[in-house]
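Try each task before you read its solution.

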There are 4 protein chains.
Amino acid sequence: MAEPAPAPPTPRARPEEDDLLARYAATRDLTLELSWPLGPEDMVAQAIDEASPTKWHLAHTSWFFETFVLSPFLPGYRLFDPAFGFCFNSYYEAAGPRQPRPKRGLLTRPTLDRVLAFRRHVDDAVARLLEQGADEEATRRIELGLHHEQQHQELLLTDILALFAANPLRPAYRPARPRLAGGAPEPLLWLAFAGGVTPIGHGGPGFCYDNETPRHEALVAPFALADRPVANAEWLEFIADGGYETATLWLSDGWDRARSEEWRAPAYWERRDGEWLAMTLEGLAPPAPDAPVAHISFYEADAFARWAGKRLPTEYEWELAAASAPVAGNLLASGALRPQAPAAPFRRRPRQMFGDVWEWTASAHLPYPGYRPPPGAIGEYNAKFMCDQHVLRGGSCLTPAGHVRPSYRNFLYARQRWQCSGLRLAAEPR
Amino acid sequence: MAEPAPAPPTPRARPEEDDLLARYAATRDLTLELSWPLGPEDMVAQAIDEASPTKWHLAHTSWFFETFVLSPFLPGYRLFDPAFGFCFNSYYEAAGPRQPRPKRGLLTRPTLDRVLAFRRHVDDAVARLLEQGADEEATRRIELGLHHEQQHQELLLTDILALFAANPLRPAYRPARPRLAGGAPEPLLWLAFAGGVTPIGHGGPGFCYDNETPRHEALVAPFALADRPVANAEWLEFIADGGYETATLWLSDGWDRARSEEWRAPAYWERRDGEWLAMTLEGLAPPAPDAPVAHISFYEADAFARWAGKRLPTEYEWELAAASAPVAGNLLASGALRPQAPAAPFRRRPRQMFGDVWEWTASAHLPYPGYRPPPGAIGEYNAKFMCDQHVLRGGSCLTPAGHVRPSYRNFLYARQRWQCSGLRLAAEPR
Amino acid sequence: MAEPAPAPPTPRARPEEDDLLARYAATRDLTLELSWPLGPEDMVAQAIDEASPTKWHLAHTSWFFETFVLSPFLPGYRLFDPAFGFCFNSYYEAAGPRQPRPKRGLLTRPTLDRVLAFRRHVDDAVARLLEQGADEEATRRIELGLHHEQQHQELLLTDILALFAANPLRPAYRPARPRLAGGAPEPLLWLAFAGGVTPIGHGGPGFCYDNETPRHEALVAPFALADRPVANAEWLEFIADGGYETATLWLSDGWDRARSEEWRAPAYWERRDGEWLAMTLEGLAPPAPDAPVAHISFYEADAFARWAGKRLPTEYEWELAAASAPVAGNLLASGALRPQAPAAPFRRRPRQMFGDVWEWTASAHLPYPGYRPPPGAIGEYNAKFMCDQHVLRGGSCLTPAGHVRPSYRNFLYARQRWQCSGLRLAAEPR
Amino acid sequence: MAEPAPAPPTPRARPEEDDLLARYAATRDLTLELSWPLGPEDMVAQAIDEASPTKWHLAHTSWFFETFVLSPFLPGYRLFDPAFGFCFNSYYEAAGPRQPRPKRGLLTRPTLDRVLAFRRHVDDAVARLLEQGADEEATRRIELGLHHEQQHQELLLTDILALFAANPLRPAYRPARPRLAGGAPEPLLWLAFAGGVTPIGHGGPGFCYDNETPRHEALVAPFALADRPVANAEWLEFIADGGYETATLWLSDGWDRARSEEWRAPAYWERRDGEWLAMTLEGLAPPAPDAPVAHISFYEADAFARWAGKRLPTEYEWELAAASAPVAGNLLASGALRPQAPAAPFRRRPRQMFGDVWEWTASAHLPYPGYRPPPGAIGEYNAKFMCDQHVLRGGSCLTPAGHVRPSYRNFLYARQRWQCSGLRLAAEPR
């Protein structure tokens, strides 16, 4: 099965692992399916500088294939429209000038129709290239393009949520599905890890991003890790205890930010008639007490951990703990579209390491020892963001299946909240 | 004839001057017609804080009738959607909270379909009210609503131009029509006016805005006025002579603004291959030498006048001069959609007083002696903007016919350029 | 008598009206005397962008004489230090580049000692020029320089107040003098004026600024004017009645400003133990109920007038009313350094037209009909600020005697509050 | 010898290592000595938000002893002035509200005289406490206060440099001393380190900050390190090769910053008559080719390393390499007050590890494994800045002797340039 779309599902045969064209088609289809619940108007607007319009995601992912695969590797390929480079280049300095990031929402033209034609044009050409036989580098670039597209699938959803959360009508991306009322979360269990010299970074045969390399050894001290992420009920205790008003719990920059932006709760939470509601892709709903808290900044995660007398795990600790966990969970394919209480009752093992919420770690996004970015524009993919950002691990309920892995390093600025980000506590061993 | 739309025209019988319903229908239809060349996507985006999306204009003008006419005057009227007040209130404090102005472009919902339904709902109700017989105040409010709608017709076009000018594709609102190549402008003629004690403000029986009242006497000294606005060819001389780089020509605030925003020419002008092009509703085109310059700020108008050794006229001088001019010219009904060279060869009289470009005057937008704003929310229409703005007179090529009059006072901040604003020179008499 | 300084007073013979050197000496001395209560440290800092350090005032006024009098008119004059032009030019584009205005507080060098030497150097040279016999233009420039210096005397005091008000210690510029406790203000009387065609602008033989010219006729409608400015007790009623929280009382820009800067009372007022205190040059003190309110913006003055059902006078009305009033009152020479209750019991005539507080008028700072700025850099004195500022009339308790006159036009941005600005109400006649 | 002051030197007996009072006196004296070349005016102003006025440094360091030592530990201690807490608290939330950081330059009061009296008051009380016998915690706090004071000694100098660099007169802190003209730098040597599991963090008996603890083991891969920092001559090559204009050399945030702040060279460099000059504490001077480059941001350091095909060392690598180096070099005690060419010809060992310039490392300022901040307000000293800052190592030519050590972790934001910061290259071993 390719990622089943949360929207109108269509059964499809499972693409062979090695059938790149089938995987290409399935991935590209999923992006479109994710956009189905939206009208053309919804696809134009940009809620915040960090987010992008749906239409822009549809076009940019195609521009990626055009620029890095088709132009260099498909003989005789003709650009769909030479002006699109300016419109849909995200941040590749080596690929030329571009629309300023905060003004992507002004691109009412090209219209959606034309962007969809651009997608078809690119898809046809990639198919042609694959049928002709792509060389090793071209194949590697297509593979990269598919993982890039998956990242934008998640962004498409988080960006629509940001847009709809800023709309006074609080519209839903899709109708709400029936859900069990959540109860109190199960008590947190602490799992002890012995640490030691451990391999870190991508080791297997499959795809990985350059920032997961090179695989190297690291010395990890013994540590304890919570068996699940922090739940909404626990976050409400933090709020009730004055967590957002207690300066000494916060990093200095975090406190300043929380003051200037008047944070009182996670992003998208609002108080109506004395009750907290959270904006979700299904509209406003009370946060389930036993589901992981989401849409928090690193600053909030860090303040919560300090309030709880704990800390955040390092990315090395997290990766070591994840090594034994199955890469499965509440990912996009579950169709839940929001974090959920842990389904599985298996105790004494880390749960919800994958899916539900990206987990902030204590680690900065820095190059691994011996890291070298790939040559050319592709080298800008991750390398130029290796400063002042923080690593998150594990994927979220909006991450496409097959996209995440134990060595996967997501990264965000400490202040950012529009991604589906939560936290898991760590501590020194007793 | 109602305002003939520049887009697909439909012949219609001329509404009787006293047939309010027919005028209502014609005015409301024109707004829709102006939106026809646009797709739903184009109608969502907001190019700059001062501009609004087309869809917002369509909805706000309907909200105006609903709020100020239907709710108070049509018994049993039901709001189309109670949430629309928040979405589409522009600035009326007395009418409750509202979407922040710079975030109108995030209102992808309600969708265009629903906004069009809103318009029909309001139109039906207004028709019902008029058929039942509206009382004097209700009639006055409907009349106000129609003039309000006409203002938004012009804004709809200026705001689309701002959006398309910010789009890297520079799309056209409509295909370019064949035009004569412009030649050098005719020499400026100076017309002498004797001045004296003159009545100022609206005097006749027809509609006017509150800021045109009360009619009062003013003492105007003798003055001279140019027979036509400043033309593009003259503006190019100003540029060539270093007008944008000569501090002593500028007001202090204007110079600071011109530096910080890097003004080198009117808004929407850009240099390609050594030639100036101006963005218009028909796309990029070279500015016609003999057409009035447009899209300049008050600061630029004032600097040009100083460079020319002249000055801007006061609004009293302008109104005195306009008293003898026919209220006709290159208005929206001409379908030109841009300023044009003076058509009429009549000499020794002011030409192009109406239409083509709004003319910056030397006057601040202040209340006339004895002015009193209307009671209630309607009192916010103009009164609360009587500070730090400047009066423009005469209408532009985007102003609906029947909207402008000699006493009409438009007003903008000195820095604003996105309206179709130009200038006419004045001087002391010899 | 020259302006008696509020600080250590030194008896001096009265300079002959026509003895320019004596007036020069007296004026220059007063500036120094005003700085006596301050230490060198106090003279360095700049509280807000609009204010300047005392040391800068001392130097800039000397630079003015050096640049506009000595360099062009004293043969063989040598600049005290060529680098001072950059440091102490305020805003004259024609006089070259300069220290950015908001960074005047970084000029710890040149030190005060050197600035005082600069003053002596300039004073000696001016004396030399006068003894040699200055020609007509040089004499006119020296006269201008003295009036310029007087403006900076007032600014020196308002800027020190801004600095000390921003200091957590709330230091006093001088020790508090004993004062009578103020009582309730006397009831406001309304004085009727018939209006008519009246001469406006400077007419007499003495000095005036270019913005008071040319004298011209204006038509003023009948009006009523309050016999005194609005008093603190009345302002407290405005506060108590929710004046600062009622949007419909405010101009649109004023309301936005009042929200963003959290205005709840005039500038420098703070609430301690349930009581309002105002920061003054004598430190924190309760505002006297019967003294004029001070340190309000145009926006507040306008909102108050609307709340009171009145309006602000135009500058023409004010000048007409002031024509019959003696140019005397609580000016700097009184030594009070703050607005006071009206001393004189003369009824049925305007009181406190001069001194106490600058009175905001309804008029924008625009050129008079036929106005022409002087040629050269001096033309920048007022002309380039004839936009987006508002006229105040009458002088304040910090204005040097002899500086103000009925035709004097001060001007500020509507948002500014650091000057000693208040208001007087006007109304239509019954 | 206590730290010999660069200014008027006074021979003093060497305080016994264990004589805390003597060390207290010597440290406090040095702060004063550093302020001697400055007038009271110079001590008031704040050049940039990150810097502080000299007077503020003098007072804040005293406030530190008063608040954290005297109030809690000296029975009967009376605050010098209760208002000083507000004025001179830097950032301790637990110690109450405070003057906003960017407004420290407005504190013309308390005057310098009073601040010096405050210092004496505190010094007397500390002496009394020490004579009475301070307990262990009080002693520890005094020790902390001395190291804190040393940090402010360096800041006092960097902040004065920032102030004088912003002054159009470019004044010198002290007269220039004769110097040898620098020649080309000696070729860089690469030193190989084997890495391995190595202890990191403070281990010895002496003082350290909490962020150097706990000492822990880390696994360091083999690496190569340059024997000296990058020199000015090398930086000029980077400039000449377009380093500041080549986007692909830069981190994304760094590129944006370099554009918006128009970086073309290190801070304080300016081009006059075709030659680069650098502002120093001795005024403008050409940068010595063989001296380490200083006043660069992390972004610039990183871009340079990429341009050179190398990288920055991690702080672990740096600490490992520094373990064998003597803690000596061009520190404040040398009196040079600027980076110098390496004096010692010892080859095959790291040179200039201490002094000259703080060296940017590749490491973020994060807590060490098992780190716990001290309880109470002292816990805010470093802990709340463990986010989004970068570690620098080794001290500079402005660092007091005895202040720095191999485990010392300084930290700054990546964009900051006003400290004496440079870089040393690292690389993978061949």
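**Exercise 1. How far apart are the centres of domain 1 and domain 2 of chain A, taken over C-alpha atoms?**

Step 1. The centres lie 27 Å apart.

Step 2. Domain 1 of chain A covers 20-165 and domain 2 covers 190-427; such bounds come from an automatic or database domain assignment.

Step 3. Now look at the contact, where two residues count if their C-beta atoms, placed from the backbone, lie within 7 Å. Domain 1 of chain A brings 21 residues to it and domain 2 of chain A brings 16 residues.

Step 4. On the domain 1 side, helix α5 (residues 136-165) of chain A gives the largest share, 11 residues. Helices (H or I, at least four residues) and strands (E, at least two) are DSSP runs, numbered from the N terminus.

Step 5. Sort the domain 1 side by class: 13 nonpolar, 4 polar and 4 charged residues. Here Ala, Val, Leu, Ile, Met, Phe, Trp, Tyr, Cys and Pro are nonpolar, Asp, Glu, Lys and Arg are charged, and the others, Gly among them, are polar.

A note before you go on: this is a predicted model, in which local features need pLDDT of at least 70 and side-chain atom pairs count only at pLDDT 80 or more, while totals for chains, interfaces and linings use all residues. Residues are numbered from 1 along each chain as its sequence is written, and chains are lettered from A and ligands numbered from 1 in the order in which they are written.

**Exercise 2. At what angle do helix α1 (residues 20-35) of chain A and α5(A) pack?**

Step 1. The angle is about 20°, and the axes are 10 Å apart. Axes are lines fitted to C-alpha atoms, for helices over the stretch in contact, with angles from 0 to 180 degrees between N-to-C directions.

Step 2. Among the contact residues are L20(A), Y24(A) and L34(A) of α1(A), along with I142(A), L146(A) and L157(A) of α5(A). By class, this contact of α1(A) with α5(A) holds 8 nonpolar, 6 polar and 3 charged residues.

**Exercise 3. Are helix α1 (residues 20-35) of chain B and helix α4 (residues 112-132) of chain B roughly parallel or roughly antiparallel?**

Step 1. Their axes come within 10 Å and cross at roughly 170°.

Step 2. That angle makes α1(B) roughly antiparallel to α4(B).

Step 3. L20(B), L21(B), Y24(B) and R28(B) of α1(B) meet D123(B), V126(B), A127(B) and L130(B) of α4(B). The class count is 6 nonpolar, no polar and 2 charged residues.

**Exercise 4. How many residues of chain B are in contact with chain A?**

Step 1. 26 residues of chain B touch 26 residues of chain A.

Step 2. The chain B side has 16 nonpolar, 6 polar and 4 charged residues.

Terms used: Parallel < 35°, antiparallel > 145°, perpendicular 65-115°, else oblique.
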